[in-house]
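Good morning. Please put the structure up, and I will go through its salt bridges.

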Amino acid sequence: TAAVGRRRRGVEQAHALRVECRAANVPFIVNDDLALALEIDADGAHLGREDGPAAAARAALGAGRILGLTCYADWTRALEGAEVGADYIAFGAMFPSVTKPHAPPAPFALIARAKRELGLPVAAIGGITLANAPQVLAAGADLLAVVSDVFGAADPAARARMYRALF
């Protein structure tokens with residue numbers, strides 16, 4: 001069926017990306033698909049609230065793989081992530097997002113609170129651009145999740161280097 005073919009292509013593409021990431025010594029984290037992360041032996045998974053229970057994901061991944069959780073603007077989910085051993089948590093959308101236009105806004109104060117109370121690295125997601133990234137980093141974010149501003153750029157590699165320079 002078409003769905004089986006799409007899944008097979010997805011597995012092949014993910015496997016190829018994992019190979020490239022390992023060659024570059026960069027962790028490969030699969031977004032929103034724990035089963036795929038496990039199937040291709042990814043370095044970890046990043047999951048939203050619709051992607052299954054955080055505790056089950058931590059158990060399936062084991063201690064050696066990365067687990068990241070999107071918490072949106074939900075402090076309870078951040079607490080759950082810390083309790084189950086997430087390696088990092090993410091808040092967003094920090095700004096209006098083309099990729100996820102219906103994501104609720106997350107206040108910068110959540111980043112500082114998570115750093116202070118949970119001791120986990122914090123990622124910021126949603127509407128991040130080179131223009132507003134310094135503001136998010138100043139709020140305490142350790143990581144930035146960026147899609148549109150990199151992949152929509154005329155030279156995505158150059159844009160990615162510009163983000164790297166922020167760190």
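R65 and D41 meet through their side chains in a salt bridge, 2.7 Å from N to O. By salt bridge I mean a side-chain nitrogen of Lys or Arg within 4 Å of a carboxyl oxygen of Asp or Glu. R65 sits in the loop between α3 (54-61) and β3 (66-70), and D41 in the loop between α2 and β2, so this pair ties together parts 24 residues apart in sequence. Helices (H or I, at least four residues) and strands (E, at least two) are DSSP runs, numbered from the N terminus.

This is a predicted model, where local features need pLDDT of at least 70, side-chain atom pairs count only at pLDDT 80 or more, and totals for chains, interfaces and linings use all residues. Residues are numbered from 1 along each chain as its sequence is written, and side-chain values use heavy atoms, with hydrogens and water left out.

Next, R22 and D43 form a salt bridge of 3.2 Å, N to O. R22 belongs to helix α1 (residues 2-23), while D43 is in the loop between α2 (34-39) and β2 (44-47), 21 residues apart.

Both pairs belong to one network: salt bridges link R18, R22, D41, D43 and R65.

Elsewhere, D142 and K115 meet at 2.7 Å, N to O. Over the whole structure, the search finds 12 salt bridges.
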